[in-house]
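Biologist: I'm new to this model and would like to learn how to read helix packing and sheets. Could you walk me through it?

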Amino acid sequence: MNEKLCVLAGPASKDLAKSVAKILGAKLIDVELKVFPDGESKVRIDGELDGKFVVIVQSTYPPVDTHLMQSLFMISKAMKMGAGVCVVIPYLAYARQDKEFLKGEAVSMELVCSLFNSSGAKNLVTVDAHSQMALSYFTISTYNVSAVPLLAKYFKSQKLVKPLAVSPDIGGSARAQEFAKIIGTPSIALPKFRDRSTGEVTIDPNAPELKTARERDVILIDDIISTGGSIVKATEVLLKAGCRRVFVACTHALLLNGALEKIMNAGASEVVGTNTVPSQVSKVDVAPAICDQVSKLNE
Ligand code: R5P
């Protein structure tokens, strides 16, 4: 056991924090949470932190603002208790609003980053942040670790026929390529279009890329599944194009508004997510990737 190192289990990520503490050989410290009737949170750290290197693990999946505030409260208190803080935000909310897409929109990510920048945390570790642009607003040392190798490992052990890695959008091409390289398959990216006002997603069913998917098992890989709109559309066009089966891999399975049911109804065979967002599809533990990075910071 490393006496100098502690892991604080944020209310949103208790199981993941436990996994992280186990791998790091660090003491796990619990955080008591009280949520008042008006929605305000109060956190209480149950342990001694003076002179310790503390890893706070707290994801910011829904309720996003509540989990975000809790993470800032924990950082602030840990600092006051005399700790050096590394905060792990496995799912980094607001990263999709990393610029002004429509005139007048607030750049939410810029403000979120400034909160962490001034929080006193020395380092921030996140997993598959939505974009480099989102990370560009951090001024504290920030490390974006990839869950893709762990997701690929899961699929490598499945019996798939002529697998093909597919990104549902062009922006995710590099992710699909990374995944494909590990399992030794080709990859493609689909031309997805999202209406910024309505949020509606379309993918051209006649896109030439779809021909590659014929008679293959496809693994759709994305960073986030929120409403499931992107994955439902991609599954539909891929099955229509004649692929064998559609498997879905994603890091952050938010699965809002019945997304999982919609994806399965669209014809997907399986959805695999990680524990950055705890859900019924959290089949891959990202703790090893987080710990690889945290260990380097604590050397
Ligand atoms: C978009 O660029 C992201 O990578 C995801 O594809 C998107 O956020 C998923 O959202 P939804 O599930 O609502 O389509």
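Modeller: Gladly! Let's start with a pair of helices: α1 and α9 are oblique to each other, because angles under 35 degrees count as roughly parallel, over 145 as roughly antiparallel, 65 to 115 as roughly perpendicular and the rest as oblique. Helices (H or I, at least four residues) and strands (E, at least two) are DSSP runs, numbered from the N terminus. This is a predicted model, where local features need pLDDT of at least 70, side-chain atom pairs count only at pLDDT 80 or more, and totals for chains, interfaces and linings use all residues. Residues are numbered from 1 along each chain as its sequence is written, and side-chain values use heavy atoms, leaving out hydrogens and water.

Biologist: At what angle do the axes of α1 and α9 cross?

Modeller: Two packed helices are described by the angle between their axes and the distance between the axes. Here, α1 (residues 14-24) and α9 (residues 287-297) cross at roughly 50°, and their axes come within 9 Å. Axes are lines fitted to C-alpha atoms, for helices over the stretch in contact, with angles from 0 to 180 degrees between N-to-C directions.

Biologist: Which residues of α1 and α9 make the contact?

Modeller: Contact means heavy atoms within 4.5 Å. From α1 come L16, S19, V20, I23 and L24, and α9 brings A287, P288, I290, C291, V294 and S295. By class, this contact of α1 with α9 has 9 nonpolar, 2 polar and no charged residues. Ala, Val, Leu, Ile, Met, Phe, Trp, Tyr, Cys and Pro count as nonpolar, Asp, Glu, Lys and Arg as charged, and the others, Gly among them, as polar.

Biologist: And at what angle do α5 and α6 pack?

Modeller: Helix α5 (residues 148-156) and α6 pack at about 45°, with axes 9 Å apart. That angle makes α5 oblique to α6. Among the contact residues are L151 and F155 of α5, and F179 and I182 of α6. The contact of α5 with α6 has 8 nonpolar, no polar and 3 charged residues.

Biologist: Now the sheet: what is the order of its strands?

Modeller: Two strands pair if DSSP finds at least two bridges between them. The open sheet of 6 strands runs β9-β8-β12-β13-β14-β15, with parallel pairing. Its edge strands, β9 (187-189) and β15 (282-284), each pair on one side only. From one strand to the next, the twist averages 35°.

Biologist: Which helices pack on the sheet?

Modeller: Helix α6 (residues 173-183) does, touching β8, β9, β12 and β13. Helix α7 (residues 229-240) also packs there, touching β8, β12 and β13.
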